[in-house]
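Please read the points below with the model open beside them.

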Amino acid sequence: MKQLVWLIAHDFKNAFANKRKLVTYVVFPLASILFVLVLNSISSGETVPAAYGVIYQEDTPAGKQVMEWMKDSGKKITVYQTKREAEQSIVENKNTALILFKKGFEASLAKGEINDLEISSIQGDVVNTVLKRELTTHLNHLIPLIAASQQGADFNSLLADYQKNAYPVTAKKLSTTKQTGQLLSTAMLGVLTFFLLSSAGNMSDFMAKEKEEKTFYRLLSTPIKSSTYSLSTIIANFLLIEGQIFLTLFVMKFLVQIDPGVSYFVLFLMLSLFGLVAVSLTLVIFSYSTSYRVMNSMKMFIFTGSSMLAGMFVPIELMPRFMQKVAHLFPQFWLIDGIKKIQSSGLLRDSLLNIAILVGFSSLFFCLAIYRQANSEQEKNFV
């Protein structure tokens with residue numbers, strides 16, 4: 001135990017000896033907050049778009065009626081003939097959301113279901129969720145009318161009677177502060193995951209330096225075991241990441257005052273699980289690297305590549321469908337997906353699968369690192 005404590009203190013001494021890296025431990029987590037705040041204008045607190053692009057792949061009276069209701073509520077509706085044209089309008093910021101009524105939409109409504117309806121937005125989940133909820137509300141009013149028209153009644157007559165007898169509705173603009181907070185929190189945490197990986201990678205630099213300077217082998221010539229050395233590095237690295245997570249959440253809660261839609265304690269637990277993944281992944285990279293240069297190349301490739309493919313820098317909804325499936329291969333995706341599930345339902349049990357997968361990732365990486373270190377025959381060739 002004394003050896004373990006001494007090694008942990010030794011790791012922290014190395015980490016804090018370099019003043020420049022000490023600053024990055026503080027700056028990197030806070031940068032995730034500042035980065036997202038700069039990219040997201042929240043001065044008005046408004047996240048719901050006022051303009052929608054619409055595409056009809058089939059003639060759908062129900063869909064067109066819903067769009068008429070949307071117009072009446074003050075929304076700007078623009079109908080496009082091609083999906084490419086509509087997507088271009090989103091890129092050019094003419095419309096911030098696209099509603100696609102696919103073929104079979106009307107038939108699904110006749111069955112009492114709302115299928116073949118696609119919503120996409122450059123602003124991500126908050127806009128999609130709000131818009132889908134609004135469309136679903138309108139469509140649920142039309143489903144009984146469509147079902148009756150299937151029995152021979154005239155849909156337009158039924159609709160006219162419905163509108164004549166419908167309860168009057170007064171439109172009122174509601175604050176979307178909480179939804180804005182959810183959007184910003186997931187975006188911040190997405191960027192934070194990359195910084196946590198980078199911070200975990202910094203600790204491997206100290207391990208590599210000790211191998212280059214043969215300090216590592218001199219330590220192992222003492223009663224200190226290789227497993228004790230690795231465990232001390234894991235604990236020290238994890239504690240450092242825990243401090244960064246705590247600092248980030250503290251700033252989000254008390255300084256920026258963002259409501260993430262989930263308990264900050266739950267956020268801390270989820271990010272701590274990812275911290276274990278980051279530490280174990282860094283240990284794998286270190287174990288399988290034959291030189292300091294190779295290790296740095298692997299870190300840059302794995303950290304940046306996995307974060308991009310997992311949708312941490314670009315909303316995953318804007319990625320091609322096959323790329324959205326590829327994102328499931330990376331732990332970053334399961335972290336953010338788990339947080340979104342809790343935001344949606346407010347129940348931790350809905351993200352148990354995500355938690356199990358994160359634990360699985362960390363266990364797999366630890367096993368790979370332990371196996372490599374136990375069977376490596378080229379440890380002294382690290383240069």
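1. The largest nonpolar core has 55 residues. Here a nonpolar core is a set of buried Ala, Val, Leu, Ile, Met, Phe, Trp, Tyr and Cys residues joined through side-chain atoms within 4.5 Å, and buried means under 20% relative accessible area, with exposed being over 50% and partly exposed in between (1.4 Å probe, protein chains only). Leu189, Ile241, Leu249, Leu267, Leu271 and Leu335 have the most contacts inside this core. At least two of its residues come from each of α8 (177-212), α10 (226-255), α11, α12, α14 (331-345) and α15. Helix α11 supplies the largest share, 15 residues. Another core lies apart from this one; it has 24 residues, including Val54, Val66, Met67 and Met70.

2. A word on the basis of these values. This is a predicted model, in which local features need pLDDT of at least 70 and side-chain atom pairs count only at pLDDT 80 or more, while totals for chains, interfaces and linings use all residues. Residues are numbered from 1 along each chain as its sequence is written, and side-chain values use heavy atoms, with hydrogens and water left out.

3. The protein chain has 15 helices and four strands; helices (H or I, at least four residues) and strands (E, at least two) are DSSP runs, numbered from the N terminus. Of its 383 residues, 47% count as buried. Contact means heavy atoms within 4.5 Å. Among contacts between residues at least 6 apart in sequence, 74% join residues at least 24 apart.

4. Isoleucine 241 is one of the residues with the most contacts inside the largest core. Leaving aside neighbours within four places in sequence, isoleucine 241 is in contact with Leu196, Ala200, Gly275, Ala278 and Val279.

5. How do α11 and α12 pack? Two packed helices are described by the angle between their axes and the distance between the axes. For α11 (residues 264-288) and α12 (residues 292-309), the angle is about 140 degrees and the axes are 9 Å apart. Axes are lines fitted to C-alpha atoms, for helices over the stretch in contact, and angles run from 0 to 180 degrees between N-to-C directions. Leu281, Thr282, Ile285 and Phe286 of α11 meet Met295, Met298, Lys299, Ile302 and Phe303 of α12.

6. Serine 362 sits in helix α15 (residues 352-375). Is serine 362 buried or exposed? Serine 362 counts as buried because its relative accessibility is 6%. A polar atom of its side chain lies 2.8 Å from the backbone oxygen of valine 359. Apart from neighbours within four places in sequence, serine 362 is in contact with Leu276, Val277 and Ser280.

7. Methionine 312 is in the loop between α12 and α13 (321-326). With 8% relative accessibility, methionine 312 counts as buried. Not counting residues up to four places away in sequence, methionine 312 touches Gly190, Val191, Thr193, Ser307, Gln332, Phe333 and Ile336. Threonine 193 is 119 residues from methionine 312 along the chain, yet their C-alpha atoms are separated by 8.0 Å.

8. Isoleucine 99 belongs to strand β3 (residues 97-101). Isoleucine 99 counts as buried, at 0% relative accessibility. Beyond neighbours within four places in sequence, isoleucine 99 is in contact with Tyr52, Gly53, Val54, Ile55, Met67, Leu117, Glu118, Leu131 and Leu135. Leucine 135 is 36 residues from isoleucine 99 in sequence and 9.7 Å away in space, C-alpha to C-alpha.

9. Methionine 1 is found in the segment before α1 (2-17). Methionine 1 is exposed, with a relative accessible area of 76%. Methionine 1 and threonine 228 are 227 residues apart in sequence, and 9.1 Å apart in space, C-alpha to C-alpha.

Key:
A polar contact is a pair of N or O atoms within 3.5 Å; within protein, one must be able to donate a hydrogen and the other to accept it, and residues adjacent in sequence count only if both atoms are side-chain atoms.
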